[in-house]
Amino acid sequence: MLDFSILTNNIDTYLEGFLNTLKVSLLALILSFILGVIIAVMRISPMKVLQLAGTAFVEFIRNIPLILILFIFYYGLPSLGMELSGFQAGTIALSIYTAAFIAEAIRAGILSVDKGQMEAGRSSGLTYIQTMRYIILPQAIKIVIPPLGNQFINLVKNSSILGVVAGLDLMYFGDSISSATYVVFDVYIFVALFYLILTIPLSLFVGYLERRLAVTG
Amino acid sequence: MISFKHVNKHFGDFQVLTDINLEIKEGEVVVVVGPSGSGKSTLLRCINRLETITDGELMVNKKLLNSKDTNINDLRKEIGMVFQHFNLYPHMTVLENITLAPRKALGISTAEANETAMFYLNKVGIPDKADSYPSQLSGGQQQRVAIARGLALKPHIMLFDEPTSALDPEMIGEVLDVMKTLAKDGMTMVVVTHEMGFAHEVANRVVFMDHGRILEESEPAAFFSNPKEDRARLFLSRVLNH
Ligand SMILES: Nc1ncnc2c1ncn2[C@@H]1O[C@H](COP(=O)(O)OP(=O)(O)O)[C@@H](O)[C@H]1O
Ligand SMILES: [Mg+2]
């Protein structure tokens with residue numbers, strides 16, 4: 001049986017980690033979404049330079065480990081005279097890493113919108129950006145929601161790398177409770193439960209959105 | 001109003017349009033016919049620069065289409081386009097479909113845009129569908145909405161690319177009727193279609209294309225009774241005999 005006294009005795013520590021994990025997840029979710037949309041639009045824009053820059057970003061970031069990106073920001077930047085806390089470096093690394101996957105999901109969604117939609121918009125005098133904003137993206141978003149939801153769930157789980165750079169998240173405090181109490185199993189089970197508190201509602205919410213968007217088709 | 005002078009268009013190595021010369025005056029209805037793949041759509045799409053020409057000169061509304069000084073978005077506001085597959089915006093109501101460009105491209109207020117939209121929805125005979133979504137309409141109704149959407153910009157020119165080809169036979173008439181009314185009202189129209197009855201009745205001129213060239217350009221009566229070109233004759237015998 002689980003020893004619930006571990007939880008109650010360390011509830012403040014657990015909660016602080018939980019709140020920080022929530023905070024980094026929310027921040028990185030917003031940042032990675034904005035960055036992802038920009039990169040996706042760059043990759044499908046008619047301008048070769050933007051396409052190239054977008055593709056380079058995606059291919060570079062997707063194909064290196066997340067923890068490497070984190071180390072570049074946490075250990076690498078100070079040598080350039082810029083100190084970041086573990087929390088800051090973690091937020092930035094997570095945002096950049098997730099943005100590459102989000103950009104790909106959004107790009108696939110945009111490409112799946114019939115090309116007659118762009119032609120109809122442009123031929124009525126709307127600019128490329130207006131057509132994207134009012135016609136293409138609202139349709140793409142429906143296609144993109146399931147893969148996007150998965151990316152956000154991954155993001156929450158990946159935020160555990162903050163533990164490696166003293167990012168004060170759930171994983172970090174889990175480690176510290178474990179070394180203070182000499183308990184391993186129970187401590188980490190409670191950590192897992194806190195992650196589930198974040199990821200299960202997120203997963204249900206994505207399912208709900210999918211159903212709702214399917215109705216307004 | 002529209003003038004092609006020695007226009008050529010290539011897709012890579014493939015030449016789609018060869019030495020196109022065509023003058024269309026204000027208020028004229030020109031019907032473009034020809035076999036599939038002959039370049040009709042491409043010709044039409046050059047007029048609002050959905051396709052760019054490779055060389056030659058193309059003037060629309062006294063503006064050179066392939067010139068840096070021509071603001072293409074401004075020019076497109078003067079040209080309505082109707083597509084074979086309607087291309088309505090599925091996530092917007094009929095009213096939103098029609099008012100989007102007037103509001104965002106012309107900068108007209110929503111109230112005024114709605115009023116204009118209702119005017120044209122009346123004109124195409126489906127004012128009661130204003131709040132429906134495209135998926136709730138029949139093909140013929142969707143295409144009439146698409147026409148109303150084109151008209152809502154109050155364009156000087158309307159382009160139609162096989163507007164009835166995707167429709168069930170019983171819906172073709174309702175769309176052609178709207179187009180006939182438009183023609184009577186004096187709209188400048190360029191229409192790619194296989195509806196020879198429409199061409200006969202409404203067109204000022206019929207343009208016959210094959211392999212990217214304009215082979216014949218005549219008044220409809222002359223074209224249908226006595227086509228000059230063998231290939232036009234062959235084409236006509238095929239489309240009229242089924
Ligand atoms: N974007 C494109 N790239 C390459 N070839 C094309 C493209 N669009 C059309 N074509 C080719 O150009 C020719 C003319 O096409 P189109 O203008 O659509 O003919 P039509 O409308 O008369 O059927 C066809 O052979 C078609 O395959
Ligand atoms: Mg065609």
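Two cavities of 30 Å³ or more turn up in this predicted model, where a cavity is a set of points on a 1 Å grid over the protein atoms alone at which a 1.4 Å probe fits but cannot get out. Lining residues have an atom within 4 Å of a point, and a volume is the space filled by probe spheres set on the points, with grid points joined across faces, edges and corners. The model being predicted, local features need pLDDT of at least 70 and side-chain atom pairs pLDDT 80 or more, while totals for chains, interfaces and linings use all residues. Residues are numbered from 1 along each chain, chains are lettered from A in the order written, and side-chain values use heavy atoms, without hydrogens and water.

**Largest cavity**
- The largest cavity holds about 70 Å³ of space.
- Its lining includes Ala120(A), Ser123(A), Phe83(B), Tyr89(B) and Arg149(B).
- Two or more lining residues each come from helix H6 (115-123) of chain A and from strand E6 (79-82) and helix H5 (139-151) of chain B; helices (H or I, at least four residues) and strands (E, at least two) are DSSP runs, numbered from the N terminus.

**Second largest cavity**
- The second largest cavity has a volume of about 40 Å³.
- Lys123(B), Val124(B), Leu151(B), Val178(B), Thr181(B) and Leu182(B) form its lining.
- Helix H6 (residues 169-184) of chain B gives the largest share of that lining, three residues.

- Ile72(A) sits in helix H4 (residues 66-76) of chain A.
- Ile72(A) counts as partly exposed because its relative accessibility is 44%, between buried (under 20%) and exposed (over 50%), with a 1.4 Å probe and protein chains only.

Note on methods
1 Å grid on protein atoms, 1.4 Å probe; cavity = no way out; pocket = protein on both sides within 12 Å on 5 of 7 lines; lining within 4 Å.
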